[in-house]
Amino acid sequence: MIKWERFFNFRGVVMALNPLVDSRDVRFVLFEMFDAERLTKFDKFKDFDKDTFEATIELAEQIAVEQVYPVNMEGDKIGCTFNPDTKEVKIPECYKEPMKTFSDAGFPGLAVEPEAGGTGMPLLLYNVSSEYFIAGCVSWFMYVQLSVGAMNLIKTFYKGADRDIILEKMMAGKWGGTMCLTEPDAGSDVGALKTKAIRQADGTFLIQGQKIFISSGDNDMYENIMHPVLARIEGDPRGTKGISIFLVPKYFIKPDGSPGEKNDVECAGIEHKMGIKGSATATLSFGDNGKCIGYPMGEERKGMSIMFHMMNEARLQCSLQGLAVSSTAYLHAVTYAKNRKQMPHVMQIQNPDAPSVAIIEHPDVKRMLLWMKAQVEAMRMTTQYTAMNIDLSDAADGEEAKEAKALVDFMIPICKAGNTDLAWQVTAEAIQVYGGYGYISEYPVEQFARDCKILSLYEGTNGIQSIDLITRKLLMNREQYFFRVFKKRIMETVENAKGVVDYKYISPLIRGIDKMDEVIDVLMKKLASGRLMQIFIVATPLRQAMVMLTHAWMHLWALTIATKKMHELVGKVTAEEREKFIHENVEAAYYSGRVLSGQFYIGSEFKNYFGKIESIMAEENAVIKSTDAIYTGAMAE
Ligand SMILES: Cc1cc2nc3c(=O)[nH]c(=O)nc-3n(C[C@H](O)[C@H](O)[C@H](O)COP(=O)(O)OP(=O)(O)OC[C@H]3O[C@@H](n4cnc5c(N)ncnc54)[C@H](O)[C@@H]3O)c2cc1C
């Protein structure tokens, strides 16, 4: 087991380094940028204060570092196994003890209302805690994510008499859950699903069909599994309009709350995959013997809108996966770069006697690390800001709640696709920092890259996220209300930065918004004249540009605070004195790091935004002209 003290007393600072998440940065984002404490002024969160928030974060950090992180590599090596005789799945045994600690500490119900048996904390705190757990082990936390998602769905839409028993068991971490949408011919196109629901006289339904790629679909982590299943009631319309949702328990529930007879749902096998090997990805057969009972959840034919109800939180959890795996990849790369010695310093290149230095001294490695740091911070700010707005949209009222909701809807695809695309790039860069060792399985970073690739594929591929952003959230949103709220917030940040931050880091944001306005204007004209192909070919580039604009906004916000703090801490001194001070004072080192990553992002990385905009405006139609004949290769089947 990893000794906690090793990380906790770093140069006497209370919030110390761990290999997963920069806890100092978490506090900066939560309390210095977003003033999370103000949530406690609302009735909904009045029982909490900054101390309870702090205690929650510290506990999450402790469990993640001491119990979850140590099972990460082991779970990857062991993986999951399927027994075709019993049709049961075994997960890595080492996952079970951390799950007990996590559940006993009350984390599954942290953000669930007290009336439903939870603690009722803001979602923001659950999400901040999640960053630690996911960074500890992506696969392990997937069991939690699926269960908590299913639990929230049951809480809101399931009306059966056993609802409270189910919630209690799930909150205690004894029963798990899944989300059963995907079928062989229904991936992105959920409306094409074939699973049938046959109405019974007693109000239940017989479910018949097959679901594939179901995370946590079968496992021995839990005594019972609750499957929310999308299916079409016989006779209902084709497409998404005809979809309903049903609760299919693995075991029926006895009156005393214990699992009873097995329902007619079988695991037909599990996938062998590139990463998240400790997370069981199952094929499930419903009703092979004509006896699979499903209980309706919510109104019939409203299955898609019920799923959409959960979508924002589920997609934000996916964004957190991207953030968390990037965070730990970055921190591992930093530690490695501080310890690995290769070649003398570039300024000693002519000196044959010069000693080798740690690779963190080399300009190209410094650049890679600063790029990773700036990206991780941007993801953290964007994701937690969105979580905070979910809380505000629930707790506040009037205009404040309306604007918060608009921001959430607009920023969900930005977080989901932005973080998960970046995770692949950040983890790749971590391998690069490690050199050849990064490619070797004894070292941790190659697993991060393998584990994170799935994130851009599930919960709606990033292509689908881009289409959602550009159509529903932007061009087809009435008078672009979402975008107007988003712009208004950016301009508030710009105003706050004036007089504090050098104008060369402010003006790119103003120019960036002007450019985005121009793009939207052009696209609106295309929409009006029905040139849809020209809109859809730029969906992903436009979403990528929007991610950059969001990240530049967040960095400017942070830069304003960090610059002020540096003035307070260091004052007007010579460059040499400043350097010395930063070396001796960890707070100054932190704020200085924040200033530099902000300057790097806006002053260097954000230049690519304008290239992206130029490419969107270039109206290059080669993609539209490319018919399938020009793509050489096999014939279509
Ligand atoms: C490890 C793993 C875990 C999973 N867990 C779950 C789970 O728990 N529950 C569940 O229900 N599902 C789960 N899935 C399924 C996952 O959500 C789907 O794989 C995903 O939705 C994509 O569907 P598909 O694989 O059929 O790809 P397709 O839909 O065939 O897409 C292939 C490509 O075409 C693009 N594409 C498709 N349609 C369009 C369009 N209209 N416009 C532009 N581009 C388009 C996509 O963006 C993608 O790039 C999981 C998958 C994996 C691999």
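Begin by selecting residues 1–16 of this predicted model, where pLDDT stays under 50. For this segment the model has 23 contacts beyond four places in sequence. Then widen the selection to the entire protein: the average pLDDT is 95, and 97% of the residues score at least 70.

Next, select helix α7, which covers residues 138–157, and locate Ala 150 within this helix. Is Ala 150 buried or exposed? Ala 150 counts as buried because 26 C-beta neighbours lie inside 10 Å, where 20 or more are required. Display its contacts as well: leaving aside residues up to four places away in sequence, Ala 150 touches Gly 177, Thr 178 and Met 179, together with Met 226 and Pro 228. The C-alpha atoms of Ala 150 and Glu 577 are 56 Å apart in space, and the two residues are separated by 427 residues in sequence.

Now turn to strands β8 (residues 251–253) and β9 (residues 259–262), which pair in the antiparallel sense over two bridges. Selecting Ile 253 shows this residue opposite Pro 259 of β9. Five residues lie between the strands of this hairpin, in which Gly 257 adopts a positive phi near 90°.

Key
Residues numbered from 1 in each chain as written. Predicted model: local features only at pLDDT ≥ 70, side-chain atom pairs only at ≥ 80, totals over all residues. pLDDT = per-residue confidence, 0-100. Contact = placed C-beta atoms within 7 Å. Helix = DSSP H or I, 4+ residues; strand = E, 2+ residues; numbered from the N terminus. Buried ≥ 20, exposed ≤ 12 C-beta atoms within 10 Å, placed from the backbone. Pairing = 2+ DSSP bridges.
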